[in-house]
Amino acid sequence: MTPDEIRNVALEIALIGRAGLDYASPEEKYELRAIPNRKFSGLHLMCLMYAGFKRISPEHDLGMDLNDPFLTAIQLHERGRENR
């Protein structure tokens, strides 16, 4: 995704999150205009928003402790790229 697309996704999730995200439920009940034809769970949206803000505004504190899982995801992604 381009930086603008990432920003759009992260900001859309932040707006949805203002009303509260049900991150405890695995039900995929949220939709994004920025990513049509797909549904997401609340936890999935939180992770996407965290990763998005880490890319577009790393100094922004979202108040979520997802840094360790984020770093693990980056490492796994890099390993996958090396194995291609």
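**Close-up views of a predicted model**

The views below are all taken from a predicted model, and each legend names the residues to look for.

View 1. Helix H1 runs over residues 3-17, and its 15 residues reach 21 Å from the first C-alpha to the last, which is close to the 21 Å expected at 1.5 Å a residue. Within H1, the residues Ile 6, Val 9, Ala 10, Glu 12 and Ile 13 are buried. These residues lie on the same side of H1, because they cover an arc of only 160° around the axis. In general, an α-helix has 3.6 residues a turn, so residues three or four places apart point the same way. Among the elements that cover the buried residues of H1 are strand S1 and helix H2, the latter spanning residues 42-56.

**View 2. Ala 34 in the loop between the strands.** Ala 34 is found in the loop that joins strand S1 (30-31) to strand S2 (39-40). The C-alpha atom of Ala 34 is separated by 28 Å from that of Arg 79, a residue 45 places apart from Ala 34 along the chain.

**View 3. Asn 37 and its backbone angle.** Asn 37 also lies in the loop between S1 and S2, and at 82% relative accessibility this residue counts as exposed. Most residues other than glycine have a negative phi, whereas Asn 37, although not a glycine, has a positive phi of about 65°.

**View 4. Tyr 50 in helix H2.** Tyr 50 belongs to helix H2 and, at 8% relative accessibility, counts as buried. Not counting residues up to four places away in sequence, Tyr 50 touches Leu 62, Met 64, Leu 66, Asn 67 and Phe 70. The C-alpha atoms of Tyr 50 and Ile 16 are separated by 14 Å, while the two residues are 34 apart along the chain.

View 5. Ser 57 sits in the loop between H2 and helix H3 (67-82), where a relative accessibility of 15% makes it count as buried. Its side chain makes a polar contact, at 3.0 Å, with the side chain of Glu 59.

**View 6. The largest pocket.** The largest pocket holds about 560 Å³ of space and is lined by 18 residues, of which Leu 48, Ala 51, Gly 52, Arg 55 and Phe 70 lie nearest its centre. Phe 70 is also one of the residues that Tyr 50 touches. Each of the helices H1, H2 and H3 supplies at least two residues of this lining.

**View 7. The whole protein, for orientation.** The protein has three helices and two strands, which follow the pattern α-β-β-α-α when read along the sequence. Its C-alpha atoms fill a box of roughly 40 × 30 × 25 Å, taken along the principal axes, and buried residues make up 26% of its 84 residues.

Methods
Residues are numbered from 1 along each chain as its sequence is written. This is a predicted model: local features need pLDDT of at least 70, side-chain atom pairs count only at pLDDT 80 or more; totals for chains, interfaces and linings use all residues. Side-chain values use heavy atoms; hydrogens and water are left out. Helices (H or I, at least four residues) and strands (E, at least two) are DSSP runs, numbered from the N terminus. The expected span of a helix is 1.5 Å times one less than its number of residues. Buried means under 20% relative accessible area, exposed over 50%, partly exposed in between (1.4 Å probe, protein chains only). The arc is that of the directions from the helix axis to the C-beta atoms. Contact means heavy atoms within 4.5 Å. A polar contact is a pair of N or O atoms within 3.5 Å; within protein, one must be able to donate a hydrogen and the other to accept it, and residues adjacent in sequence count only if both atoms are side-chain atoms. On a 1 Å grid over the protein atoms alone, a cavity is a set of points where a 1.4 Å probe fits but cannot get out, and a pocket is an open set with protein on both sides within 12 Å along at least five of seven lines; lining residues have an atom within 4 Å of a point. Grid points are joined across faces, edges and corners, and a volume is the space filled by probe spheres set on the points.
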